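Here is a short briefing on how the chains of this assembly meet. Have the structure open and follow along.

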Number of protein chains: 6
Amino acid sequence: MTYQNEGGINANMTDELAKAAVLVEALPYIQKFNRKIIVVKYGGSAMVDEDLKKKVIQDVVLLKLVGFKPIIVHGGGKDITKWADKVGIETRKVNGLRVTDEPTMEIAEMVLNKINKDLVSLIQLLGIKACGISGKDGKLLNCTKKLSDGQDIGYVGDITSVDGKVIMDLIENDFLPVIAPIGTDEEGHSYNINADDAACAIATACQAEKLAFLTDTEGLYLDFEDKNSLISEISVKEAEDLISGGTIVGGMLPKLHNCIDAIKSGVSRVHILDGRIPHCLLLEIFTNKGIGTAIIDDNAERFYNNDK
Amino acid sequence: MTYQNEGGINANMTDELAKAAVLVEALPYIQKFNRKIIVVKYGGSAMVDEDLKKKVIQDVVLLKLVGFKPIIVHGGGKDITKWADKVGIETRKVNGLRVTDEPTMEIAEMVLNKINKDLVSLIQLLGIKACGISGKDGKLLNCTKKLSDGQDIGYVGDITSVDGKVIMDLIENDFLPVIAPIGTDEEGHSYNINADDAACAIATACQAEKLAFLTDTEGLYLDFEDKNSLISEISVKEAEDLISGGTIVGGMLPKLHNCIDAIKSGVSRVHILDGRIPHCLLLEIFTNKGIGTAIIDDNAERFYNNDK
Amino acid sequence: MTYQNEGGINANMTDELAKAAVLVEALPYIQKFNRKIIVVKYGGSAMVDEDLKKKVIQDVVLLKLVGFKPIIVHGGGKDITKWADKVGIETRKVNGLRVTDEPTMEIAEMVLNKINKDLVSLIQLLGIKACGISGKDGKLLNCTKKLSDGQDIGYVGDITSVDGKVIMDLIENDFLPVIAPIGTDEEGHSYNINADDAACAIATACQAEKLAFLTDTEGLYLDFEDKNSLISEISVKEAEDLISGGTIVGGMLPKLHNCIDAIKSGVSRVHILDGRIPHCLLLEIFTNKGIGTAIIDDNAERFYNNDK
Amino acid sequence: MTYQNEGGINANMTDELAKAAVLVEALPYIQKFNRKIIVVKYGGSAMVDEDLKKKVIQDVVLLKLVGFKPIIVHGGGKDITKWADKVGIETRKVNGLRVTDEPTMEIAEMVLNKINKDLVSLIQLLGIKACGISGKDGKLLNCTKKLSDGQDIGYVGDITSVDGKVIMDLIENDFLPVIAPIGTDEEGHSYNINADDAACAIATACQAEKLAFLTDTEGLYLDFEDKNSLISEISVKEAEDLISGGTIVGGMLPKLHNCIDAIKSGVSRVHILDGRIPHCLLLEIFTNKGIGTAIIDDNAERFYNNDK
Amino acid sequence: MTYQNEGGINANMTDELAKAAVLVEALPYIQKFNRKIIVVKYGGSAMVDEDLKKKVIQDVVLLKLVGFKPIIVHGGGKDITKWADKVGIETRKVNGLRVTDEPTMEIAEMVLNKINKDLVSLIQLLGIKACGISGKDGKLLNCTKKLSDGQDIGYVGDITSVDGKVIMDLIENDFLPVIAPIGTDEEGHSYNINADDAACAIATACQAEKLAFLTDTEGLYLDFEDKNSLISEISVKEAEDLISGGTIVGGMLPKLHNCIDAIKSGVSRVHILDGRIPHCLLLEIFTNKGIGTAIIDDNAERFYNNDK
Amino acid sequence: MTYQNEGGINANMTDELAKAAVLVEALPYIQKFNRKIIVVKYGGSAMVDEDLKKKVIQDVVLLKLVGFKPIIVHGGGKDITKWADKVGIETRKVNGLRVTDEPTMEIAEMVLNKINKDLVSLIQLLGIKACGISGKDGKLLNCTKKLSDGQDIGYVGDITSVDGKVIMDLIENDFLPVIAPIGTDEEGHSYNINADDAACAIATACQAEKLAFLTDTEGLYLDFEDKNSLISEISVKEAEDLISGGTIVGGMLPKLHNCIDAIKSGVSRVHILDGRIPHCLLLEIFTNKGIGTAIIDDNAERFYNNDK
């Protein structure tokens with residue numbers, strides 16, 4: 001027989017009730033997204049910091065357990081560079097894109113598949129079965145060579161078609177799919193694919209409800225210098241106005257284009273989250289106070305009237 | 001466009017991280033009981049106090065949303081007495097059992113079905129579909145007349161068999177079943193059935209993982225006078241020893257017998273919870289610190305080594 | 001060993017052959033409506049007279065056994081009045097509609113649910129499993145407050161939408177659904193709904209092949225005074241002409257409107273039957289000589305050329 | 001608009017109510033055998049008389065429509081003899097068995113398949129889809145050569161195994177199977193099989209609830225000379241006693257052995273019916289007064305206490 | 001233990017590698033037609049010569065084993081004539097069509113069903129389950145009387161509708177369907193149907209990918225006298241031009257019309273094969289060098305650029 | 001229009017008929033193993049030589065197309081050594097096992113996953129969808145550290161359990177699974193697993209009918225020096241006798257133990273094939289003359305009486 005600790009239940013009942021309140025706050029969000037697909041683009045600091053990595057995995061596993069159908073699409077640029085160095089391959093970039101010759105592609109594929117399987121292991125330690133595949137499996141990501149301003153930069157791929165069957169089958173069979181952004185062309189050659197592009201294409205093909213980018217920024221700023229100008233929610237039209245007005249520049253520009261494409265292809269809500277905040281996914285999805293920037297359809301209902 | 005509140009994310013980040021911690025704490029419990037059936041015997045103060053009632057419903061709905069398959073079995077004694085008074089039927093008890101003549105049974109059935117449909121409405125306001133049935137539907141609860149020390153006390157039933165198909169079909173079709181404790185005999189007559197008995201029989205027939213009784217006590221005390229003697233966890237054998245030793249008396253005795261029967265019939269864990277504590281179900285199931293008393297199999301692993 | 005009664009088979013072979021003839025006569029009708037849904041609005045004398053009640057139940061059970069999918073929608077006005085009296089609630093009507101304040105609605109819901117479960121028991125005594133629900137379960141009947149000439153008459157509902165999933169699931173799982181005409185609004189409050197309206201809405205939502213009203217009239221008369229003017233079959237257009245010509249008045253008017261609505265919504269054939277004739281359902285459906293009045297689509301083939 | 005015939009409903013209401021009574025009488029039998037398989041061995045006079053043939057087909061179709069799963073196994077001896085004559089083959093019998101040389105088997109197979117397809121047509125005229133196969137299709141009836149007192153009598157088969165899959169698939173797909181009693185050996189040669197044997201083997205393989213033989217006798221007599229000694233119901237043990245006592249002789253002997261085998265293999269009830277009585281199947285199955293002789297298990301409940 | 005034959009593997013490795021090459025050559029064709037339906041019209045010499053018959057059956061069984069879904073439609077004209085002679089019926093033709101009076105139809109049906117079951121046996125000897133039906137079963141082939149230049153020639157049928165359900169069900173249940181070309185009218189009478197017509201109608205109804213006619217010609221010649229003018233591949237338009245140009249005459253004309261109809265109804269490719277060549281089906285389908293003449297859609301890709 | 005090549009069909013008809021003969025020869029083997037699982041351990045020269053590699057892939061694809069369910073388990077030792085050199089890791093072996101420290105395991109996992117995805121691409125070029133996974137995915141291969149004579153040799157794994165669900169799901173969804181021999185322990189660490197062990201464990205877990213090892217030997221020799229002593233077929237008992245008699249030594253010993261284990265666990269037939277022979281899989285499986293050595297159960301029927 002076990003007895004209650006002395007002091008009884010009532011001693012720290014305040015804490016307990018606060019806990020219950022958090023769970024109850026999550027209730028409508030769990031309900032809203034029940035059985036919906038959410039694609040998580042996993043990259044940046046959240047992939048480097050071991051503590052953050054563990055928390056992202058916890059978040060995704062929780063999403064799965066409460067009824068979502070999460071899909072992870074991961075990057076791996078930093079590790080590719082590290083390994084290229086290790087085997088004596090010089091990293092060269094053109095317009096920010098890695099020039100990917102045959103040996104570079106070989107090492108990139110090896111590194112990305114290794115990251116892929118490491119994520120599978122981490123997820124499975126939490127009791128959920130995962131399956132790691134690349135865009136080559138089941139002809140998931142098909143591509144052609146991407147030119148950079150007309151210049152051949154090697155095996156860098158532009159996605160031409162997505163066959164999501166292998167992912168949907170894994171989900172149907174209760175596995176959590178983890179995807180490495182490698183594509184293939186009609187001759188079976190491998191291509192490095194930008195992970196943001198891959199996530200966006202997969203979200204579209206799998207008719208995801210949500211697409212969340214874990215980034216190293218707090219979100220989208222109207223004025224990057226003014227920390228009070230962080231945008232909570234923005235419609236496609238508003239975003240396109242900002243782009244055409246020249247407000248959005250740099251690395252955020254292609255990402256925002258991806259967001260807009262995803263919304264236009266039927267994804268309901270795209271989130272740019274700050275992957276440096278622990279449990280940013282949980283906080284965005286399960287609490288009234290959202291985090292980062294949400295891109296939504298022009299006609300969508302807005303959440304953030306007061307707080308969310 | 002919507003901007004983040006001034007002060008930014010970081011202002012109350014501490015609160016947010018605490019919220020995330022609660023959700024993460026719930027993770028292993030969500031996983032453990034995923035797709036398992038839990039029968040909640042709903043009665044006592046938690047049925048009378050409107051605020052408590054709302055919180056019980058929230059809890060059950062949350063259980064369903066995160067993947068449990070909850071079944072509610074409710075009582076209604078107080079309302080039956082109230083309505084019997086209203087139509088001029090005198091309430092008479094023998095050995096604590098309501099003498100249930102034809103007119104009493106008629107009003108009892110009407111009252112229980114009304115409570116049943118009210119609960120359905122409350123659940124559905126939270127976005128979950130429910131279906132309220134009685135033990136007559138689908139021949140769920142079949143019974144014979146119960147005698148009290150050999151004395152005929154009218155239409156009070158002893159459950160003789162349970163056909164859980166109607167419940168399992170509702171669960172399969174994604175409805176939350178709400179059950180009124182009315183049985184029927186071979187001639188089709190209605191019987192009042194003790195709600196604890198009904199919950200126990202249904203938990204057994206549906207092979208529930210858990211059976212939780214919402215009561216008006218804090219749980220089982222070794223010494224009812226000593227508030228520090230509240231038992232957190234007790235095995236069937238230990239409980240039978242307490243009973244044979246004369247420690248357990250009064251209304252707790254039949255309830256404990258029900259608990260023991262349920263465990264012996266394959267329910268893994270039976271909880272006696274204090275329904276007067278708001279969100280007692282959530283706290284018991286989703287936090288490390290359990291509430292009330294758990295009855296378990298003699299060979300079951302114990303949770304409450306340290307806190308739970 | 002058992003021997004044939006003396007006199008042998010041939011003694012009463014004539015009777016036996018007549019029996020076979022009846023069964024053979026039923027053959028094309030059984031075939032025609034195999035696996036089709038038929039909604040039976042059960043009300044009037046057939047609910048009061050115990051012998052008639054038993055025969056209605058037998059008929060519906062037979063319909064189910066030979067392959068139909070029957071749904072019962074019942075009324076209960078007389079019992080509601082009786083119980084309102086018993087608890088001291090005065091019954092008040094405006095334009096023939098019961099003014100339904102909170103206490104009246106409370107007793108109405110209790111009475112209707114009791115009738116509902118009694119029917120379930122009667123059906124189950126014949127070996128068929130039934131399940132009794134109200135329009136609140138599974139959000140079956142959703143409504144708003146009905147005004148009577150602009151006047152608030154309390155919780156009397158106008159059906160705004162029907163979600164037939166709970167019924168279709170019960171049918172799929174081989175239960176005979178029995179429906180009490182209670183609706184619910186968005187706040188979860190209960191409403192009394194006219195049983196004819198409920199039957200018509202459910203027949204439409206479940207894409208019933210037939211809708212049969214058990215009434216206390218022989219059917220529709222062209223001239224109510226002339227007993228030879230009973231109409232066997234009438235098209236929607238003909239019925240609308242009768243209405244606009246002022247031939248149809250009184251309680252038959254809203255019922256005929258319901259019939260017309262049902263036909264226009266896709267029900268193939270609506271029957272106004274005389275519930276005072278024993279086995280009127282069987283006779284209408286399984287014999288060449290129909291009973292009562294059938295309302296049909298303008299383009300439908302007519303049965304009653306000669307006899308049916 | 002169509003009016004009721006003059007004289008109104010009430011004129012011949014007595015007849016109508018009698019009809020209803022017949023349908024209601026059938027109700028428990030419909031319920032009892034719902035979704036059960038019944039094998040009808042169709043032969044004798046009922047195959048020759050066109051009016052009887054039509055009525056047997058009506059009966060079987062009605063059985064199917066009210067929820068049974070009937071299978072027809074037919075004979076065809078008379079037509080085989082007729083066609084053998086027509087092509088100049090002499091019919092020769094040894095111990096009552098047709099000596100079946102190659103040309104005889106050829107014509108027998110042709111004749112039986114023709115009868116088979118004729119039955120299919122007759123059934124389909126009543127709106128039910130049928131499919132006619134022989135025991136060769138899907139390796140339904142596998143056999144070896146039967147010897148008659150050690151004498152080779154040609155292609156007469158002893159059933160060695162039955163593969164009922166082709167029948168069960170047809171039933172599952174809602175076809176009424178009609179079976180010609182032709183078997184095949186391991187070399188693929190055709191064999192003539194006694195239709196009683198085939199019916200018995202198929203009833204066993206398909207786990208039929210009932211097996212009914214349409215014969216040219218009224219049933220089993222204790223004393224064939226005494227028309228009052230017709231046995232209504234007899235257990236296997238009683239039947240075996242009659243056989244060992246020498247009471248049963250002639251053509252009834254192998255048929256009774258078949259009945260006993262079927263009961264011992266799990267068929268619940270075997271009927272020897274007088275196929276010369278119109279609608280004998282309906283009368284046996286749907287009326288309280290059975291016809292012919294039923295063979296039942298020693299421990300089965302007896303129907304014929306009073307009348308049935 | 002068993003040892004390799006002396007001389008070892010290498011002795012006849014050349015032969016073995018040639019075998020592997022054949023299998024590898026078949027690979028793309030197996031893949032291309034995987035799970036597609038192919039209707040084989042089986043007739044002519046290939047039905048008469050026992051060795052050819054065996055090889056056709058082997059071919060069809062192989063088609064089934066490697067993933068095709070073959071359907072056999074067979075003729076039987078020669079056997080009908082033989083049997084008509086045997087029973088003393090004079091065979092009379094009008095415009096090449098057999099005048100089919102009642103006795104002729106009777107014998108024709110018997111003969112076709114016999115051929116049908118013989119084919120079933122032959123197939124089953126190779127380990128595949130088959131089921132032989134006629135166009136009467138499951139109301140597969142429905143027809144009206146065909147007139148020949150306005151002249152009544154008896155029970156010769158023109159197909160009016162096809163209900164392929166019985167075939168599709170058999171395929172679904174893994175049986176190989178074998179079809180006798182007998183149809184039925186609304187009164188259930190049997191009709192003789194031209195087997196080419198039947199094959200064409202069935203291929204259309206079952207949405208076959210291929211339809212192959214086994215004939216006694218090498219294929220379609222541009223100039224029948226010039227053996228070098230055999231056409232390998234011809235589009236519908238080209239074929240229609242040949243017909244309107246008068247190039248195609250005689251028995252090939254109706255067959256070519258059938259081919260054209262089938263292509264226009266959605267069959268992808270129709271083959272006129274020389275049934276006198278052993279394994280002509282295998283050679284056509286699994287080798288690079290096709291056989292006979294293929295009729296294709298005007299827009300279809302051509303196979304026979306070089307060899308196939 | 002396309003014409004047949006000059007010279008006509010008959011010119012090289014001999015060749016064509018020989019082709020047909022090969023296909024017909026394959027027929028019984030296709031039938032025998034239809035829908036059966038075959039695990040192919042792919043390694044040795046057949047992985048190095050590009051032409052052999054292509055032929056192995058063709059064979060496996062053909063197996064899949066004709067109805068088998070193949071699973072590829074591959075090795076990769078040579079490539080691991082090559083890459084280890086490239087990144088400056090010294091390869092060290094103890095008792096023939098690679099000492100696998102953390103950096104070695106890291107490069108091994110990268111190399112094996114790369115080989116894995118390359119195979120996926122090659123298969124998919126032939127039109128079949130494949131999915132490449134490692135033993136970490138879906139917790140397929142679980143292991144503990146293997147000691148070599150008690151010595152810690154790093155992350156070399158002994159398989160402790162296999163969860164074949166991920167493979168069976170892929171097969172069910174029509175993907176060809178390609179497996180890299182990497183396992184995981186309870187902490188999620190990766191382990192190098194011997195590919196023969198992995199193939200054997202997977203064949204057992206998936207209840208494979210066949211397990212085929214592609215090796216660099218011709219099979220099992222009774223006397224390795226005597227090329228005429230190659231064993232075609234050997235039972236488990238005979239193999240165990242050879243082992244205990246000391247006849248089998250070297251690298252063949254653990255492989256033979258694997259074969260014996262597989263047979264004892266329910267695999268019907270294990271083949272040791274010479275991967276250096278082009279299309280060795282096809283030749284073994286589809287031709288009468290087998291190749292290499294087959295290990296079979298003591299009670300199994302022997303194939304190689306005469307030739308196979």
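**Where chains C and D meet**

In this predicted model, a salt bridge joins the side chains of R35(C) and D174(D), at 3.5 Å from N to O; the term needs a side-chain nitrogen of Lys or Arg within 4 Å of a carboxyl oxygen of Asp or Glu. Four salt bridges are counted between chain D and chain C. Local features need pLDDT of at least 70 and side-chain atom pairs pLDDT 80 or more, while totals for chains, interfaces and linings use all residues. Residues are numbered from 1 along each chain as its sequence is written, chains are lettered from A in the order in which they are written, and side-chain values use heavy atoms, without hydrogens and water.

**The side of chain D**

**Extent of the contact**
- About 5,200 Å² is buried between chain D and chain C, and carbon and sulfur atoms give 64% of that; buried area is the accessible area (1.4 Å probe) lost on putting two parts together, summed over both.

**Chains A and B**
- Chain B superposes on chain A by a rotation of 180 degrees with 0.0 Å of shift along its axis (RMSD 0.0 Å), fitted by least squares on C-alpha atoms of residues with pLDDT of at least 70 in both.
- The two copies are thus related as by a two-fold rotation axis.
- In chain B, V66(B) has the C-alpha nearest the axis, 2.1 Å from it.
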